[in-house]
Amino acid sequence: MIRVLLPAPLCELTGTEREVDLEVEAPATTARVLDALEARFPALRGTIREHGTKKRRAYVRFFACRRDLSHDDPDAPLPDEVASGREPFIVLGAMSGG
Amino acid sequence: MTSIRVLVGTRKGAFVLTADGQRKRWTIDGPHFAGWEVFHAKGSPADPDRIYLSQSSSWFGQLIQRSNDGGRSWEPVGNEFAYRGDTGTHQWYDGTPHPWEFARVWHLEPDRADPDTVFAGVEDAALFRSRDGGRSWEELSGLRTHDTGALWQPGAGGLCLHTILQDPRDADRLFVAVSSAGAFRSDDGGARWKPINRGLVSEQIPDPHAEIGHCVHRLAQHPTRPDTLFMQKHYDVMRSDDAGESWREVSGNLPSDFGFVIDVHAHEPETLYVVPIESDALHYAAEGRLRVFRSRTGGNEWEPLTQGLPQAHCYVNVLRDAMAVDRMDPCGVYFGTTGGDVYVSADAGDHWVAIANNLPAVLSVEVQTLP
């Protein structure tokens with residue numbers, strides 16, 4: 001089971017608390033987590049990654065285990081701590097202010 | 001008993017304001033989609049409880065929400081806006097070719113007869129249509145691929161298609177406006193398009209009389225005279241009486257002919273409303289006074305409407321989709337400001353009251369007159 005932590009604006013679309021649990025086929029990868037997330041919550045399609053290209057949206061980041069995974073290969077295995085559910089896979093919006 | 005529903009889109013969510021036909025006691029419901037930009041929401045003329053809404057953010061992109069119960073509940077529908085075929089390029093701000101890239105939906109125009117058909121005007125400029133209640137979208141690509149498309153350039157707000165009018169006599173006749181390419185008309189349901197900008201004069205472009213390149217801010221049309229169009233251009237208020245084949249200026253005695261909104265009285269096709277804005281550099285109410293100007297002569301002769309509106313130290317803007325009229329008699333006129341106020345006049349503009357204050361900056365206002 002993978003724990004995914006969503007940014008607050010997307011919880012309006014999922015109707016859930018910020019953390020959701022997903023069953024993801026091993027080996028867990030960023031792409032598989034997002035596939036499972038979008039399958040369970042179709043309203044998220046196009047909000048984290050682009051339709052068609054599946055490219056991560058520019059102002060969205062993926063963190064886990066104190067690392068920025070945003071630029072990693074989306075098909076690379078996630079850290080064991082994420083795959084085992086000990087650590088969450090964090091989806092977040094870039095900081096902005098002003 | 002007749003009631004009024006006002007759909008307000010703002011920088012940080014949507015609000016639904018309701019009142020009975022007296023238009024005196026208002027209830028505010030919202031924010032819906034708090035924190036998201038709601039560029040526009042509009043109800044179907046054929047089924048007023050069917051409402052389409054554009055929800056977007058720079059972070060998480062575009063969503064389309066649909067309500068089947070007048071805005072009490074919403075469901076996300078399709079949000080994939082894929083340009084058809086080779087996307088090609090338009091001109092970027094510096095004149096270089098730039099690929100067409102979808103950014104957001106500026107305007108949703110439900111079909112006059114079919115609640116499941118709705119048009120979407122998007123940035124970068126293109127027209128999409130859904131025939132299944134918003135679940136899927138197809139581009140009417142004849143507009144974007146018009147011979148002039150490669151020459152279109154964005155205005156400061158982006159290359160946006162912000163106005164869609166469907167002729168009440170002929171559903172296949174469509175008018176759209178793009179900043180800053182100009183106005184276009186299709187007579188075949190959106191397959192082929194022609195620029196309709198003859199008579200527009202824009203000093204901000206190399207050839208002021210060019211076929212395209214004009215920054216049209218808004219078009220308006222009265223349903224009983226669909227060949228008569230009114231336009232608030234970047235500068236100049238314009239009028240056409242031949243479905244856009246030719247235009248003439250009717251700015252007349254306005255204190256500033258720059259502005260964004262323009263609308264027509266529900267029952268008087270020669271009565272118009274605009275809100276003069278100081279200039280393209282300043283983008284606030286002309287002379288720091290929030291005034292609606294009304295013409296009862298189809299333009300040229302304008303009177304300021306000020307009762308109930310701030311007449312000093314007012315530096316808000318009224319954006320292009322942020323004015324609407326109801327179908328009551330006397331006609332109600334509504335507009336929202338970037339300061340987050342929504343005003344209504346229940347007597348065709350003579351007196352104004354704020355029906356909401358201090359909302360997020362208002363992007364759009366639509367009104368439904370419900371039986």
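## Close-up views of two chains

View 1. B:E287 counts as partly exposed because it has 14 C-beta neighbours inside 10 Å. (A residue is buried if 20 or more other C-beta atoms lie within 10 Å of its own, exposed if 12 or fewer, and partly exposed in between; C-beta atoms are placed from the backbone.) Please keep in mind that this is a predicted model: local features need pLDDT of at least 70 and side-chain atom pairs count only at pLDDT 80 or more, while totals for chains, interfaces and linings use all residues. B:E287 sits in the loop between β23 (272–274) and β24 (292–295) of chain B.

View 2. B:N358 counts as exposed because 8 C-beta neighbours lie inside 10 Å.

**View 3. Chain B as a whole.** Chain B has 30 strands and 0 helices. Its radius of gyration, taken over C-alpha atoms, is 19 Å, close to the 21 Å that the globule rule gives for 371 residues, so chain B is as compact as a globular protein of that length. (The globule rule is 2.2 Å times the number of residues to the power 0.38.) Along the principal axes, the C-alpha atoms of chain B fill a box of roughly 50 × 45 × 40 Å. Buried residues make up 55% of the 371 in chain B. Among contacts in chain B with a separation of 6 or more, 50% join residues 24 or more positions apart. (Two residues are in contact if their C-beta atoms, placed from the backbone, lie within 7 Å.)

**View 4. An open antiparallel sheet of 4 strands in chain B.** The strands run in the order β3-β2-β1-β30. At the edges are β3 (27–32) and β30 (362–370), each pairing on one side only. From one strand to the next, the twist averages 15°. (Axes are lines fitted to C-alpha atoms, and angles run from 0 to 180 degrees between N-to-C directions.) Strand β2 (residues 13–20) and β3 of chain B pair over 4 bridges. (Strands pair if DSSP finds at least two bridges between them.) Look across this pair and you will find B:V16 opposite B:D29, and B:T18 with B:T27 as its bridge partner. The β2–β3 hairpin has 6 residues between its strands, and there B:R23 takes a positive phi near 60°.

**View 5. Cis peptide bonds in chain B.** One joins B:G30 and B:P31, with omega about 0°. B:P31 belongs to strand β3 of chain B. Another joins B:E123 and B:D124, with omega about -5°. B:D124 lies in the loop between β11 (118–123) and β12 (126–130) of chain B.

**View 6. The largest nonpolar core, with 109 residues.** (Such a core is a set of buried Ala, Val, Leu, Ile, Met, Phe, Trp, Tyr and Cys residues joined through C-beta atoms within 7 Å.) The residues with the most contacts inside this core are B:V8, B:V176, B:Y334, B:V342 and B:V365. Strand β15 (residues 174–179) of chain B provides the largest share, 5 residues. Apart from this core lies another, of 24 residues, including A:F41, A:A83, A:I90 and B:W59. Leaving aside residues up to four places away in sequence, B:V176 touches B:G121, B:L127, B:L143, B:L161, B:T163, B:I164 and B:F184.

**View 7. Where chain B meets chain A.** In this contact, 14 residues of chain B meet 14 residues of chain A. Strand β6 (residues 61–67) of chain B gives the most to its side, with 3 residues. By class, that side of chain B has 7 nonpolar, 6 polar and 1 charged residues. (Ala, Val, Leu, Ile, Met, Phe, Trp, Tyr, Cys and Pro count as nonpolar, Asp, Glu, Lys and Arg as charged, and the others, Gly among them, as polar.)

**View 8. A:R18, in the loop between α1 (8–14) and β2 (19–22) of chain A.** With 15 other C-beta atoms within 10 Å, A:R18 is partly exposed. Beyond residues up to four places away in sequence, A:R18 touches A:L5, A:L6, A:A8 and A:C11. The C-alpha atoms of A:R18 and A:A64 are 15 Å apart, with 46 residues of separation along the chain.

Notes. Residues numbered from 1 in each chain as written. Chains lettered and ligands numbered in written order. Helix = DSSP H or I, 4+ residues; strand = E, 2+ residues; numbered from the N terminus.
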